[in-house]
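This report goes through the packing, strand pairing and charged contacts of one model. The structure is shown first.

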Amino acid sequence: MNNIRADIFIPTSNRVEPLKKCLDSLQDQTNKQFKVLLVALKPNENVKNLVNLYKNLDIDYFIQKDKGIIPAGNEALQKAKHEIFIRIDDDVILDKYWFKSLITRFDSDKNIGGVTGPTIMSSNGIKSRD
């Protein structure tokens, strides 16, 4: 895990099966210069056991102090130590080149402050966005 570039914040409501697929896809990344900040609503032995299976991922699993996604994100941000902070959901399955592509994009221009991927939304959802 030399030269870690990013912290990946994953909030979870202890959905073990989707989280397993997410962690599998992180394990399959061609570039693993990241640390996972897995933040749960409450303790869950099944999630703890799942996390222990991923020995080749740097995962910091902790329980959030205050309820809500914003407090969870703030707690993860306080623990983050690297130049890039990423947030994904616990049911996201990533292409194996996802992190490599993200790093390549950040490295391509030092003026880039943020990157987002495509979002699939309903017509009403799109209308509600800024």
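This is a predicted model: local features need pLDDT of at least 70, side-chain atom pairs count only at pLDDT 80 or more; totals for chains, interfaces and linings use all residues.

## Nonpolar cores

The largest nonpolar core has 25 residues, and those touching the most other members are Ile 8, Ile 10, Leu 26, Leu 38, Ile 59, Ile 86 and Ile 88. Two or more residues each come from β1 (6-12), α1 (16-27), β2 (34-40), α2 (45-52), β4 (84-87) and α4 (98-108). Another core lies apart from this one; it has seven residues, including Leu 37, Val 39, Phe 62 and Ala 80.

Beyond four places in sequence, Ile 8 touches Leu 26, Phe 34, Lys 35, Val 36, Leu 37, Ile 86, Ile 88, Trp 98 and Phe 99.

## Phe 99 in helix α4

One of the contacts of Ile 8 is Phe 99, a residue of helix α4. Phe 99 has 0% relative accessibility and therefore counts as buried. With neighbours up to four places away in sequence set aside, the residues in contact with Phe 99 are Ala 6, Ile 8, Gln 29, Asn 31, Gln 33, Phe 34 and Ile 86. For Phe 34, the separation from Phe 99 is 65 residues in sequence, while the C-alpha to C-alpha distance is 8.6 Å.

## Strand pairing

Strands β1 and β4 are parallel and pair over four bridges. Within this pairing, Ala 6 has Ile 84 of β4 as its bridge partner. In β4, Ile 84 and Ile 86 make up the covered face, whereas Phe 85 and Arg 87 make up the uncovered one.

Which residues of α2 are buried? They are Val 47, Leu 50 and Val 51. These residues span an arc of only 100 degrees around the axis, so they sit on the same side of α2. In an α-helix there are 3.6 residues a turn, so residues three or four places apart point the same way. The buried residues of α2 are covered by elements that include α1, β2 and β3. On the face turned away from that buried side, α2 carries Glu 45 and Asn 46, which are exposed.

Val 16 belongs to helix α1. Its contacts, leaving out residues up to four places away in sequence, are Asn 44, Asn 46, Val 47 and Leu 50. Val 16 counts as partly exposed because its relative accessibility is 25%. As for Phe 85, it is 69 residues from Val 16 in sequence and 24 Å from it in space, C-alpha to C-alpha.

## Salt bridges

How many salt bridges does a search of the whole structure find? There are eight. One of them is between Asp 91 and Arg 15, whose closest N and O atoms are 3.6 Å apart. Asp 91 is in the loop between β4 and α4 and Arg 15 in the loop between β1 and α1, so this pair ties together parts 76 residues apart in sequence. Both ends count as partly exposed, with relative accessibility of 42% for Asp 91 and 35% for Arg 15.

Asp 58 and Lys 35 form a salt bridge in which the closest N and O atoms are 3.0 Å apart. Because Asp 58 lies in the loop between α2 and β3 and Lys 35 in strand β2, the pair links parts that are 23 residues apart in sequence. Asp 58 counts as partly exposed at 22% relative accessibility. For the salt bridge between Asp 89 and Arg 87, the closest N and O atoms are 2.6 Å apart. Asp 89 is partly exposed at 33% relative accessibility, as is Arg 87 at 41%.

Notes:
Residues are numbered from 1 along each chain as its sequence is written. Side-chain values use heavy atoms; hydrogens and water are left out. A nonpolar core is a set of buried Ala, Val, Leu, Ile, Met, Phe, Trp, Tyr and Cys residues joined through side-chain atoms within 4.5 Å. Buried means under 20% relative accessible area, exposed over 50%, partly exposed in between (1.4 Å probe, protein chains only). Contact means heavy atoms within 4.5 Å. A salt bridge is a side-chain nitrogen of Lys or Arg within 4 Å of a carboxyl oxygen of Asp or Glu. The arc is that of the directions from the helix axis to the C-beta atoms. Two strands pair if DSSP finds at least two bridges between them.
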